[in-house]
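Here are my notes for you, point by point. Have the model open while you read.

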Amino acid sequence: MTLARHVITSVTTAELHYEYLRTIGRNSFLGSHGSGGKHTAYVVETDRGATGWGLPLYDADPGALIGRNLAELIDPDRGVIDPAAEFLDYPLHDLAARILELPVYAMLGGHGPTRVRCYSGGIYFDDLDHGIEAFRANLAQDHAFGFRDFKLKIGRGHRWMRSRPGLERDIEVTRLARDLYPDAGILVDGNDGFTVNGLLDYLDAVEDCDLYWIEEPFAERRPDLQALHERLQTMSPRPMVADGEYEPNEEHVLRLAGEGLVDVALMDVTGHGLTAWRRTMPHLAATGAEASPHAWGLPLKTLYAAHLAAGLGNVPIVEGVPGHTLGTGDYTLEDGYVVLSDQPGFGLTTP
């Protein structure tokens, strides 16, 4: 059945509730991230009884979309084609794929595997509130949940501790994670909380820990990234540099990738949007860089990132949110991989 046979008859909202496995603590800039929350989803229906739903890119009035032909709003080969419908990027992808009886990743081209490597993005600064045993416990809990790779928040000396003790604790937890999980991919994320010299001191102390990547150590300043690049050339294996999450300038990120200063682009899965990622990915791949859309916040965003990875390819690993979306499902995690189903759309129950 073609999309042109469907007309939008209603766009409504639903409240999604999600829970983390535990209360998530601080990072280098922000206080506690809480234990979960709620978010508005949009549900789109057509005159032929088809339904799609998902998170919006932003909230907007859907009134102008009522009575519109679906084929005027989304092209399965490109994504959303009407700027007025841009905020419904994910609901419309879900709807179109359901009508076409395809998983979203297949509609995107199916260029990647449907078992998508996934790391835990939930290892924050809980040791500052509950001691180093909390760090151990969080790793163990996420491992039991199914993760085999872990991203550690670092940068304790930016706000919460004095500079040197904070750096020493960052080093301590990095080495501890490597000792506890010798086969894990260890990623570290500074949330722009480092100076260049502080980061180089950190790398000197953890050089033998085989870091998978270094994420957002500082703002995307070319001279700082060049200094980091020079240091990383002396490390074997060389960690990748991941950047572009916080207030990204896509053109700037692509230029940095083209210069070899950014290896993995992180624009948020809903902040950037699926249609935008469909446009961006070929340009990024042409630079030789990869992508891993930022997905922290809702467990549902991990599923979106996994469909993007399986659909567009060029994504080595995605961010996992340790928790659950209540009542709709989110993602299946097996031995460190999100396993995507062959159900149409995103494969979720309508809220």
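1. Let's start with the second largest pocket: its lining holds two nonpolar, eight polar and three charged residues. Here Ala, Val, Leu, Ile, Met, Phe, Trp, Tyr, Cys and Pro count as nonpolar, Asp, Glu, Lys and Arg as charged, and the others, Gly among them, as polar. Keep in mind that this is a predicted model, where local features need pLDDT of at least 70 and side-chain atom pairs count only at pLDDT 80 or more, while totals for chains, interfaces and linings use all residues. Residues are numbered from 1 along each chain as its sequence is written, and side-chain values use heavy atoms, with hydrogens and water left out.

2. Who lines this second largest pocket? There are 13 lining residues, and Ser163, Leu167, Phe194, Thr195 and Gly198 lie nearest the centre. Two or more residues each come from α5 (156-159), α6 (163-180) and α7 (196-206), with α6 giving the largest share, five. The volume is about 210 Å³. (A pocket, on a 1 Å grid over the protein atoms alone, is an open set of points where a 1.4 Å probe fits, with protein on both sides within 12 Å along at least five of seven lines; lining residues have an atom within 4 Å of a point. A volume is the space filled by probe spheres set on the points, which are joined across faces, edges and corners.)

3. Now the largest pocket, with about 280 Å³ of space. Of its 14 lining residues, Asn27, Leu30, Asn191, Glu245 and Tyr246 lie nearest the centre.

4. Next, find the open sheet: four antiparallel strands in the order β3-β2-β1-β14. (Strands are DSSP runs of E, at least two residues, and helices are runs of H or I, at least four, numbered from the N terminus; two strands pair if DSSP finds at least two bridges between them.) β3 (51-54) and β14 (323-325) are at the edges with a single partner strand each, so one side of each has no neighbour in the sheet. Between β1 (residues 8-24) and β2 (residues 34-46) there are twelve bridges; Glu19, for one, has Gly36 of β2 as its bridge partner.

5. Finally, look at α1 and α10 (residues 274-287), whose axes come within 8 Å and cross at roughly 85 degrees. (Axes are lines fitted to C-alpha atoms, for helices over the stretch in contact, and angles run from 0 to 180 degrees between N-to-C directions.) The two helices are therefore roughly perpendicular, a word used for 65 to 115 degrees. Asp89, Tyr90 and His93 of α1 meet Leu274, Thr275 and Arg278 of α10, where contact means heavy atoms within 4.5 Å.

Notes: Parallel < 35°, antiparallel > 145°, perpendicular 65-115°, else oblique.
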